[in-house]
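Let's take a friendly walk through a protein model together. Keep the picture beside you as you read.

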Amino acid sequence: MNLQLLEQLTQTFGPSGYEDEIRAVIRPIVEPFADEIRVDPLGSLVVHRKGTGEGKKIALAAHMDEIGLMATYIEEKGYVRFTSIGGVRPVNCIGGRARFANGTTGVIHVERRDDATAMPELRHLYIDVGATSRADCPVAVGDPGQFVGPLVRQGQRLISKTMDDRIGCYVLIEVLRQLTDSPHDLYFVFSTQEEIGLAGARTTAFRIDPDIAISIDVTGTGDTPKALPMAVELGKGPAIKVKDSGMIAHPLVRDMLVAAAQKVGVPYQMEILVGGSTDAAAMQLVRSGVPSGCLSIPCRFVHSPSEMVDETDVEHAIALLLTALQTTL
């Protein structure tokens, strides 16, 4: 596995609505494998690979954006109050660090409360950037920030911030690199603003007008202490979505991915996610409707600064997709 590439992807700045830096990292990597490349009005990067036969038009989407935060108020002593960009859980923030677009790094902590046992809300949190006053604070209202979490390899497990969904971007990049040819007209979409409403994938899919759409994203697992029961575990293979809170996967796409896994001989799991959704939920609703589904990378601790995936699940997802895209439907 190319850990240098994964580190570059996971550590690059890119909260929802601020994907310029991560797009600038991905574009030169994928450009040599593109027959055509463009940036859509909302910032999604689209790589077109022409098919060799009478295949389908297939869109594959992985979102570039990450959850993050935005400064809302600077207190008199220079502490930064903030709001969320995407699904930020306050309990995952305390004691962590935030890095703003200008490079300023601060510690996230919680103010003293009368009931310290109650679950904190975002309004109880602040960021200490080392300022002593509002005047010398290097952060301004409206500045976006990301959470800090370096990439660590622990055996077969990979831990970092922003596996959601830079690991999906990694999968698409590797599929592009390894794909020799396909009967299908392929559009690899590195989408924007997934974490705040799926906007990038929705508008890009409208423009592409695909026959089939597949999202590559992460999903939760049921293999941690007292986790919600879920038939997905780390290291047991990529997960083929059946249903999540935003969509029911189209049987055509679900069966296509299952057949590819069986053909190439990689393990796979069937995913039912009770909370959360992916770009596929938006892509299926454009124009007159698009048969859509999702291939998911099992991930522990989603939407925290230390998201964990298994290297073999990633490798098997790449092999599965390569087989699917080389198969005539």
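Leaving aside its neighbours within four places in sequence, which residues is Leu60 in contact with? Keep in mind that this is a predicted model. Beyond those neighbours, Leu60 touches Leu172, Leu186, Tyr187, Phe188, Val189, Ile214, Ile216, Leu321 and Leu325.

## The nonpolar cores

Leu60 belongs to the largest nonpolar core, which has 54 residues. Leu60 is listed there among the residues with the most contacts inside the core, together with Ile26, Val30, Ile167, Phe188, Phe190 and Ile214. Which helix gives the most to this core? That is α4, spanning residues 163-178, with nine residues.

There is also a second, separate core, made of 20 residues. Ala98, Leu122, Leu125 and Val129 are among them.

## A strand with two partners

Now find strand β12, residues 185-191. Six of its seven residues are buried, so the rest of the structure largely encloses this strand.

Strand β2 (residues 45-49) pairs with β12 in the antiparallel sense, over five bridges. In this pairing, His48 stands opposite Tyr187 of β12. Strand β3 (residues 57-63) also pairs with β12, but in the parallel sense and over seven bridges. Here Ala61 has Val189 of β12 as its bridge partner.

## A helix with a buried face

Which residues of helix α2 (residues 20-30) are buried? They are Ile22, Arg23, Val25, Ile26, Ile29 and Val30. Looking down the axis of α2, you would find its buried residues within an arc of 160°, so they line one face of the helix. Asp20 and Ala24, on the other side of α2, are exposed.

A general rule is handy for reading such a pattern: an α-helix has 3.6 residues a turn, so residues three or four places apart point the same way. What covers the buried residues of α2? The cover includes α1 (3-11), β1 (36-39), β2, α4 and β12.

## A three-stranded open sheet

Elsewhere, three strands form an open sheet in the order β10-β11-β17, with antiparallel pairing. Strands β10 (152-154) and β17 (307-310) stand at the edges with a single partner strand each, so one side of each has no neighbour in the sheet. On average, neighbouring strands of this sheet are turned by 25° against each other, direction ignored.

Strand β11 (residues 157-160) and β17 run antiparallel and are joined by four bridges. Within this pairing, Leu158 has Val309 of β17 as its bridge partner. Helix α4 packs on the sheet, where it touches β11 and β17. The direction of α4 makes about 30° with that of β17.

## Cysteines without bonds

How many disulfides does the structure hold? The count is zero. Cys93 itself is buried, with a relative accessible area of 3%.

Is Cys137 buried or exposed? With 11% relative accessibility, Cys137 counts as buried, because the cut-off for buried is under 20%.

Note on methods
Residues numbered from 1 in each chain as written. Predicted model: local features only at pLDDT ≥ 70, side-chain atom pairs only at ≥ 80, totals over all residues. Heavy atoms only, no water. Core = buried A, V, L, I, M, F, W, Y, C linked by side-chain atoms within 4.5 Å. Buried < 20%, exposed > 50% of the residue type's maximum accessible area, 1.4 Å probe, protein only. Helix = DSSP H or I, 4+ residues; strand = E, 2+ residues; numbered from the N terminus. Contact = heavy atoms within 4.5 Å. Pairing = 2+ DSSP bridges. Disulfide = S-S within 2.5 Å. Arc of directions from axis to C-beta. Axes fitted to C-alpha atoms, helices over the stretch in contact; angles between N-to-C directions.
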